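Open your viewer and get the sequence panel ready.

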Amino acid sequence: MKKLTLTLALTLGLSSLVIAQQMTKPQLIKAEGKAISLKPSYASPVFFDLDKDGKMELIVGTFYGDFRVYKNEGTIENPVYNKFAKIQAGGKDAKTANW
């Protein structure tokens, strides 16, 4: 059992090392040519093809519980984001509890 645990730990450790080596340097995401900044912070970004056009939109949950959508007006390889719109539900800005 100890041998299996050690083998599993080493395998997972090496897998993590390989994944970490493939990561690239962090980059600021820009909209309208400026870095997207949400203050106060606690932003929750995710990329998702919301409009099913094959390009990923940037969706950001904010500190205040609303959701901003930055439409990708560029390409998959070179995304371009401009003004954001808020996600709506039932004709109102969608919100979630902050805490």
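Helices and strands here are DSSP runs, numbered from the N terminus. Keep in mind that this is a predicted model.

Along the sequence they follow the pattern α-β-β-β-β-β-β-β-β. Buried residues account for 19% of the 99 residues.

Now color by confidence. The chain has a mean pLDDT of 77, with 74% of its residues at 70 or more. Which element has the lowest confidence? Select helix α1 (residues 2-22), where the mean is 45, then compare strand β5 (residues 67-72), which has the highest, at 92. Over residues 1-18 pLDDT stays under 50, and the model has zero contacts there beyond four places in sequence. Where pLDDT is low, the predicted coordinates should not be read in detail.

Next, select Asp-66, in the loop between β4 (57-61) and β5. Is Asp-66 buried or exposed? Its relative accessibility is 7%, under the 20% cut-off, so Asp-66 counts as buried. Show side chains, and you will find a polar contact from Asp-66 to the side chain of Lys-86, at 3.0 Å. Beyond four places in sequence, Asp-66 also touches residues including Val-60, Ala-94 and Lys-95.

Val-60 takes you to the last stop. Select it together with Ala-31, Leu-38, Leu-58, Tyr-70 and Tyr-81: these six residues make up the largest nonpolar core. Finish on Leu-38, whose contacts beyond four places in sequence include Ala-43, Val-60 and Arg-68.

Definitions and conventions. Residues numbered from 1 in each chain as written. Predicted model: local features only at pLDDT ≥ 70, side-chain atom pairs only at ≥ 80, totals over all residues. Heavy atoms only, no water. pLDDT = per-residue confidence, 0-100. Helix = DSSP H or I, 4+ residues; strand = E, 2+ residues; numbered from the N terminus. Contact = heavy atoms within 4.5 Å. Buried < 20%, exposed > 50% of the residue type's maximum accessible area, 1.4 Å probe, protein only. Polar contact = N/O pair within 3.5 Å; in protein donor to acceptor, adjacent residues only side chain to side chain. Core = buried A, V, L, I, M, F, W, Y, C linked by side-chain atoms within 4.5 Å.
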